[in-house]
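This briefing concerns a single protein chain, shown below. Please read the points that follow alongside the coordinates.

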Amino acid sequence: MEKVHQCAKCGKEYKTNGHWANEKMCEECFVSRTSRHVIAFFLGLLSFLVLMFVGETYGDPKAAAVAAVYFFVCQFLLSLDNKAAHRNWTLMLALNFVTIILTIIMVIGEKWPTIVSQAPIFLIIPCTATYLGAVMASLSAKRKKGRRS
Ligand SMILES: [Zn+2]
């Protein structure tokens, strides 16, 4: 049976039927949201390899700087044109998922001096930079909307 719903994201009306049964979002928005989360997860995975490489080769301060720029830029681009980006916790979590898990593993397996020296690079800086990236994207989306109207 077909039912008409209004998409919570884009506001367009769409139908749910045998093929599409999601009652909150149209197919287009759902696919773009899901692929965004998948991309965020892989960017997080890649960040770990990048940070390990930079940390080993150039030292921890450089790795910390790379972490800040990397997560800020990734989240900013992922959140582009999203006014509510700073409230999109699942996307931020997807980007930081790998680093959060690794930090937990590190806390369980490593000694305190290692944890204290690595945690800022692998958890505190990425999470902070991610949030700032989302806030900046949300501000720029609001500004763009304001200019248009
Ligand atoms: Zn939609």
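Leaving aside its neighbours within four places in sequence, with which residues is H37 in contact? The residues are T90, L91 and A94, a contact being two C-beta atoms, placed from the backbone, that lie within 7 Å. This is a predicted model, in which local features need pLDDT of at least 70, side-chain atom pairs count only at pLDDT 80 or more, and totals for chains, interfaces and linings use all residues. Residues are numbered from 1 along each chain as its sequence is written.

**Confidence**
- The chain averages a pLDDT (the predictor's confidence in each residue, from 0 to 100) of 92, and 97% of the residues score at least 70.
- Among the elements, mean pLDDT is highest for helix 2, at 95, and lowest for helix 4 (residues 112-148), at 89.
- Helices are DSSP runs (H or I, at least four residues), numbered from the N terminus.

**Residue H37**
- H37 lies in helix 1, which covers residues 27-58.
- H37 and M92 are 55 residues apart along the chain, yet their C-alpha atoms are separated by 8.7 Å.
- H37 is partly exposed because 16 other C-beta atoms lie within 10 Å, between the limits for buried (20 or more) and exposed (12 or fewer).

**Helix 2 and helix 3**
- V73 belongs to helix 2 (residues 60-78).
- F71, C74, Q75 and L78 of helix 2 meet L91, M92 and L95 of helix 3.

Notes: Helix = DSSP H or I, 4+ residues; strand = E, 2+ residues; numbered from the N terminus.
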